[in-house]
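Welcome to my notebook. I went through the structure shown below and jotted down what I looked up, entry by entry.

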Amino acid sequence: MKKVFLAIAVLFQLGTAYAQNKSGLLTQYFAVKDALVSGNSANASAAAAAFVKAAGETSADKSIEAAKAKLVDDAQLIATTQDLAKQREQFKQLSADMYSLAKTTKLSDAPVYQQYCPMKKAGWLSANKDIKNPYYGNQMLTCGKVADTIE
């Protein structure tokens, strides 16, 4: 009987760690987005490097593995430049790839909002409905709309 309880406890902890790894990936993505919203290229670079690290620590689930290499490539391009315009341009692809992953894999227990900027013709993910545009920052902070809600 003790072995059964121990096995259940181990499986629960593995499941919890797996869920935390996936939500950690989303958390790091949000950090990149927030740095771009504020127009801070150094923070965007650091957050993208943290995203790459989080991707390396993410469990080897097939749904994550299929997308992980692409996400890492996208984030590394942001991490290796201090040019805010280049970071924002690369963020378009990172966001598209994260959206694809979020549609196929539950990354969060809370809703995730895909937001869209018609001026940039690009989307991004957000933890809340309020629009904070990472492509234009303070120039057009609230430009955009919620295009999808992932639950």
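This is a predicted model: local features need pLDDT of at least 70, side-chain atom pairs count only at pLDDT 80 or more; totals for chains, interfaces and linings use all residues.

**Entry 1: the outline.** I took helices (H or I, at least four residues) and strands (E, at least two) as DSSP runs, numbered from the N terminus. Along the sequence I then read the pattern α-α-α-α-β-β-β, which comes from four helices and three strands.

**Entry 2: the whole protein.** I call a residue buried under 20% relative accessible area, exposed over 50% and partly exposed in between (1.4 Å probe, protein chains only). Of the 151 residues in the protein, 42% are buried. For the surface I used accessible areas from the Shrake-Rupley method with a 1.4 Å probe, where for residues only the protein chains shown count as cover. The accessible surface is about 8,300 Å², and carbon and sulfur atoms hold 57% of that. Contact, for me, means heavy atoms within 4.5 Å. Among contacts with a separation of 6 or more, 61% are between residues 24 or more positions apart.

**Entry 3: aromatic rings.** How many aromatic pairs does a search of the whole structure find? I counted rings of Phe, Tyr and Trp (its six-membered ring) as a pair if their centres lie within 6.5 Å, with planes under 30 degrees apart as stacked, over 60 as edge-to-face and the rest as tilted. The search gives four pairs. In one of them, the ring centres of Y29 and F91 are 5.3 Å apart and the planes stand at 15°, so I noted this pair as stacked. Y29 sits in helix 1 (residues 2–38) and F91 in helix 4 (residues 84–104), so the pair ties together parts 62 residues apart in sequence. Are these two buried or exposed? Y29 is buried at 0% relative accessibility, and F91 is buried at 0% as well. I also saw that ring pairs link Y29, F30, F91, W124 and Y135 into a cluster.

**Entry 4: helix 2 against helix 4.** I fitted axes as lines to C-alpha atoms, for helices over the stretch in contact, with angles from 0 to 180 degrees between N-to-C directions. The axes of helix 2 (residues 41–57) and helix 4 come within 11 Å and cross at roughly 35°. On the helix 2 side I listed S41, A44, S45 and F51, and on the helix 4 side L84, Q87, L94 and M98.

**Entry 5: D97.** I found D97 in helix 4. With 13% relative accessibility, D97 counts as buried. Setting aside neighbours within four places in sequence, D97 is in contact with K70, L71 and D74.

**Entry 6: two loop residues.** Where is A127? A127 lies in the loop between strand 2 (122–126) and strand 3 (145–150), and A127 is partly exposed at 47% relative accessible area. Not counting residues up to four places away in sequence, A127 touches F30, P111 and Y113. The C-alpha atoms of A127 and Y113 are separated by 6.2 Å, with the two residues 14 apart along the chain. My last stop was K121, in the loop between strand 1 (112–117) and strand 2. K121 is exposed, at 63% relative accessible area, and has a positive phi of about 55° although it is not a glycine.

How values were computed. Residues are numbered from 1 along each chain as its sequence is written. Side-chain values use heavy atoms; hydrogens and water are left out.
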